[in-house]
Amino acid sequence: MIRVAVSGCSGRMGSTVVDAVSSADDMDVACGIDPHVPENAPFPVYASVEEAVRQGGFDVLVDFTQPSVVASNLSVALPAGIDCVVGTTGLSNNKLQELASLAPEGTCLFYAPNFTTGAVLMMEFAKAAAPYFPEAEVLEFHHCNKKDAPSGTAVRTAEIIAAARGGKPSSAPGKETEIEGAQGARGALIAGVPVHSVRSMGYVASQEVVFGSMGQTLTIRHDSWDRTSYMPGVLLGIRSVGAQSGLVVGLENFLHD
């Protein structure tokens, strides 16, 4: 039985993780971590990761909190030899490497910018298409309370597109036409790929990747309408980290096992 601590257990994603872990046959919720203790929680809830680590009793920390606190949470859990499954975005690759270096051998920091199988496939399809189209743009749509822009999925997609082209940037046409006072109208350049972020009530998470070449476009789109779409990937991450060590980025590393 895998014993799981859920950081951010009172939040929208955290509470969904609690339900998913509780329903799985091979794991259970050992404790929650949240400054806002839910009423009638059937497991201990601690105010901080430090307190939870002192109490012990769990193998994996799942973090769906805020970009402002995730790094400090990991800096406590990883040196204690606790495998971490992280869905909180906003951490740079350099910061992830730095945090992973704190962990003893045999401890894994698994970070996924998106836990849905559809989003992972979208990125793999984008990787396959990237070398054949000179232009590419990423448009991502999220709920208005999301704490980071662009999303981790959009950043990861842009990096994958750039890597598939051998680092050759997208032509990003029109950046030079942005009028005074409206810089950014053509999007933020991530690894040379324009990325556009939409924040509005009504969305959960959606993303389009639009490729273009002379006389044609190719659009790849993925939509998540409910947070339960992330849970199979989260459970897969929890089941997989025990056999890994160091930093692992992306759910695709476990999908093909």
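Trainee: Where is Ala-191 found?

Mentor: Ala-191 sits in the loop between β8 (188–190) and β9 (193–199). Keep in mind as we go that this is a predicted model.

Trainee: What should I look for in its backbone angles, and what is the phi of Ala-191?

Mentor: Start with the general idea: most residues other than glycine have a negative phi, and most peptide bonds are trans. In this structure, the phi of Ala-191 is near 55 degrees, a positive value in a residue other than glycine.

Trainee: Let me step back to the chain. How many helices and strands are there?

Mentor: The protein chain has eight helices and twelve strands. Its radius of gyration is 19 Å, close to the 18 Å that the globule rule gives for 257 residues, so the chain is as compact as a globular protein of that length. Along its principal axes, the C-alpha trace spans about 60 × 35 × 30 Å.

Trainee: How do I read the nonpolar core, and which residues touch the most other members of the largest one?

Mentor: The general idea is that in soluble globular proteins, nonpolar side chains tend to be buried together. Here the largest nonpolar core has 34 residues, and Val-62, Phe-110, Phe-115 and Ile-238 touch the most other members. At least two residues of this core come from each of β1 (2–7), α1 (12–23), β2 (27–33), β4 (60–63), β6 (108–111) and α7 (231–240). The element that gives the most is α1, with five residues.

Trainee: Which residues does Ile-238 touch?

Mentor: Leaving out residues up to four places away in sequence, Ile-238 touches Ile-2, Val-4, Val-21, Met-27, Val-60, Val-62 and Val-85. Apart from this core lies another, of 24 residues, including Tyr-46, Phe-58, Leu-78 and Leu-91.

Trainee: What does the side chain of Thr-116 make a polar contact with?

Mentor: One partner is the side chain of Asn-114, at 2.7 Å. The Thr-116 side chain also reaches the backbone nitrogen of Ala-119 at 3.2 Å. Leaving out residues up to four places away in sequence, Thr-116 touches His-222, Ser-224, Ser-229 and Tyr-230.

Trainee: On to charged pairs. How many salt bridges does the count come to?

Mentor: The count comes to ten salt bridges. When you read one, check the distance, then where each partner lies. Glu-98 forms a salt bridge with Lys-95, the closest N and O atoms being 3.2 Å apart. Both lie in helix α4 (residues 93–100), three residues apart, about one turn of the helix. Glu-98 is partly exposed at 44% relative accessibility, and Lys-95 is partly exposed with 28%.

Trainee: What about the salt bridge of Arg-156 and Glu-252?

Mentor: Their side chains meet at 3.2 Å, N to O. Arg-156 lies in helix α6 (residues 152–164) and Glu-252 in helix α8 (residues 252–255), so the pair ties together parts that are 96 residues apart in sequence. Arg-156 counts as partly exposed at 22% relative accessibility, whereas Glu-252 is buried at 19%.

Trainee: Which residues are linked in a network of salt bridges?

Mentor: Glu-208, Arg-221 and Asp-223 are linked in this way. Asp-223 is partly exposed with a relative accessible area of 27%, and Arg-221 is partly exposed at 37%.

Technical notes
Residues numbered from 1 in each chain as written. Predicted model: local features only at pLDDT ≥ 70, side-chain atom pairs only at ≥ 80, totals over all residues. Heavy atoms only, no water. Core = buried A, V, L, I, M, F, W, Y, C linked by side-chain atoms within 4.5 Å. Buried < 20%, exposed > 50% of the residue type's maximum accessible area, 1.4 Å probe, protein only. Helix = DSSP H or I, 4+ residues; strand = E, 2+ residues; numbered from the N terminus. Contact = heavy atoms within 4.5 Å. Polar contact = N/O pair within 3.5 Å; in protein donor to acceptor, adjacent residues only side chain to side chain. Rg over C-alpha atoms; globule rule 2.2 N^0.38 Å. Salt bridge = Lys/Arg side-chain N within 4 Å of Asp/Glu carboxyl O.
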